Amino acid sequence: MNLDLTSRTGGGTATVTGGPAKAPPSSAPPAPAPPTDAPAPDTAAAAGLVPATQRRLGRGKSIPFGRLLGPLLIVLAWWGASAAGLLDPRKLSSPASVVTSAQELWVSGRLQESVQASLSRALLGLLIGVAAGLVLALASGLSRVGDAVVDGTLQVKRSIPNLALLPLLILWLGIGETMKVVVIALGVTVGIYINTHAALVSIDARYVELAEAQRLSRWQFLRKVVLPAALPGFFTGLRLAVTAAWLGLIVVEQINATSGIGYMMFQAQQYAQSGIILVGLVLYGAFGFASDALVRLVEGRVLSWRRTITA
Amino acid sequence: MATYDHRLSEGGPVAGSMDPAVRVSGLTRSFGDRQVLRDVDLTLARGEFTALLGRSGSGKSTLLRAVAGLDHTTVGTGEILVPRRVSLVFQDSRLLPWLRVLDNVVLGLPGDGAKERGRAALDEVGLGGRSSSWPHELSGGEQQRAALARSLVSEPELLLADEPFGALDALTRIRMHRLLRRLYERHRPAVLLVTHDVDEAVTLADRVLVLDDGDFVLDLRLDLPAGRDPGDPLFQRHRTTLLGALGALSDDRTKDPKEAS
């Protein structure tokens, strides 16, 4: 018990000179004389002992706003390269001229108009898709009949990229707003469905057993056990769905759009205004980043009972 | 006054003056070709604390799960009569991680006063101040105490426990033994405690059944005073009897054919 591993506090390593044991260097606090029977450092080394060290294999503390660091570094590099004259302004404008383009667009009102058109499209598609994905996941996750009818269909749909459906959707729905929202919603539905369904059907059998032992009604079982257990899966699906919504938006705004960020970029391409194209790209990136952060925030609040490696 | 499943009163004559809380007759259970329970009969009196001892694979958990009604995937025959209010304690505390401790305790408990009763049950197991904690914030022993509170809050007539202290450290287990015995004496449910620990059985139970290879080999009544002392010679004698019935004292070679050479 009184093994005095002074080599740790002293900072020095034990020496095996064979001479009389010495007290560690003066960095040690003015402690009372160690008990005489305490083994000297060189005895510890002889016994194969080493100073105790801490090992941490987790990821350590999170950096505040750390997720912004990567994008900021890229902007800095871009800025530096432009200022140094390494970039042809006709191919890639400098950050300063992108800011100027954005200001001009703001003053003319085109920026707000485009953002509003794009956001409402994406949001509407997202809402419809999340609702549809949830309803389908619950139908197939909670009943055998639903599973038989829905799951196979959705798994087939999953293997067909949305882009492959575009010709058919344009044929059916034309090239107007409806088609655009439907394309976005389709992509969202699949992400929500796959993840929520997987979570619903993989509930820990021990919890089902508990519910049976506690004589829960079917409704109580759903509310207290099934739905909370499926929430993490739903949020994984939601994060994928948000990404899918932006992806769908970008695709449909290339098709004969008359408003929105994509339309603004398409027009800029005609007049070789690389500044405006970059404004559009930055907007897409910022929206994607912000929406993901928002979902993470809500997820953290709702799933506060979880203790994971990110904590 | 406890109300019993009506089937109990119609179930034929009851042995002696015994007022049964559980009656199992002709119970057979198999997993594949292996018969785990062979025509088992069992009667537990009301308010009786019974320990079910057996080596692993003896069928003791299968019997408990059958009585708990949790073995709907197992093949078997037989009749099981139980009271209306049955509670079950698992080896793991099995608290739902997304419900706070109090909500876990009152899970499935009907009525307006559920929360109040849940708080009282938590007080009883010494967790009065932890009702709004998350389960993962409790220690292993505290989690198991919360599970005990959950099983007692419904005032069960029959408490089934499947090695409830098996995952706890030795010191915590001793404290849990005292707590369980105290709660039992206050609420007086019939208890069926499955364990493989002979000392646990002798410390807690008034009757010990030994199950081996699908049938009972011993039904031992313990007439030990309260506050049982492992140093008591009678305690030791019961312990030896039970270890003998479990085959722990005999030569290994006679029990395990693989060892014979």
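1. In chain A, among contacts between residues at least 6 apart in sequence, 73% join residues at least 24 apart. These figures, like those that follow, refer to a predicted model. Chain A contains 12 helices and zero strands, and its pattern along the sequence accordingly reads α-α-α-α-α-α-α-α-α-α-α-α. Of its 311 residues, 26% count as buried.

2. Chain B has nine helices and nine strands. Buried residues account for 39% of its 261 residues, and among its contacts between residues at least 6 apart in sequence, 70% link residues at least 24 apart.

3. On the contact between the chains, 15 residues of chain A meet 12 residues of chain B. Two elements of chain A give two or more residues each to the side that touches chain B, namely helix 9 (205-213) and helix 10 (218-252), and helix 9 of chain A gives the most, with six residues. By residue class, this side of chain A divides into seven nonpolar, two polar and six charged residues.

4. The domain assignment of chain B gives domain 1, which covers 17-85 + 157-252, and domain 2, which covers 94-155. Taken over C-alpha atoms, the centres of domain 1 and domain 2 of chain B are separated by 25 Å, and the contact takes 11 residues from domain 1 of chain B and 11 residues from domain 2 of chain B. On the domain 1 side of this contact, the largest share, six residues, comes from helix 6 (residues 170-187) of chain B. The residues of that side divide into eight nonpolar, two polar and one charged.

5. Where does the largest nonpolar core, with its 70 residues, lie? The residues with the most contacts inside this core are Leu52(B), Leu53(B), Val67(B), Ala149(B) and Leu160(B). Domain 1 and domain 2 of chain B both give residues to the core, so it lies between them. Leaving aside residues up to four places away in sequence, Leu160(B) touches Leu64(B), Val67(B), Ala68(B), Val86(B), Ser87(B), Leu88(B) and Leu192(B). A second, separate core has 31 residues, among them Leu136(A), Tyr193(A), Ala230(A) and Ala245(A).

6. Helix 2 (residues 60-68) of chain B deserves a separate remark, being mostly covered, with nine of its nine residues buried. The buried residues of this helix include the nonpolar Leu63(B), Leu64(B), Ala66(B), Val67(B) and Ala68(B), but also the charged Lys60(B) and Arg65(B) and the polar Ser61(B) and Thr62(B). Just after helix 2 of chain B, Gly69(B) takes a positive phi of about 75°.

7. As to annotation, an unreviewed UniProt entry lists residues 22-238 of chain B under "domain: ABC transporter". Over residues 22-238, chain B is 32% helix and 29% strand in this model, and the end C-alpha atoms are 25 Å apart.

Definitions and conventions: Residues numbered from 1 in each chain as written. Chains lettered and ligands numbered in written order. Predicted model: local features only at pLDDT ≥ 70, side-chain atom pairs only at ≥ 80, totals over all residues. Contact = placed C-beta atoms within 7 Å. Helix = DSSP H or I, 4+ residues; strand = E, 2+ residues; numbered from the N terminus. Core = buried A, V, L, I, M, F, W, Y, C linked by C-beta atoms within 7 Å. Buried ≥ 20, exposed ≤ 12 C-beta atoms within 10 Å, placed from the backbone. Domains from an automatic or database assignment. UniProt positions renumbered as here; feature names shortened; annotations may be inferred.
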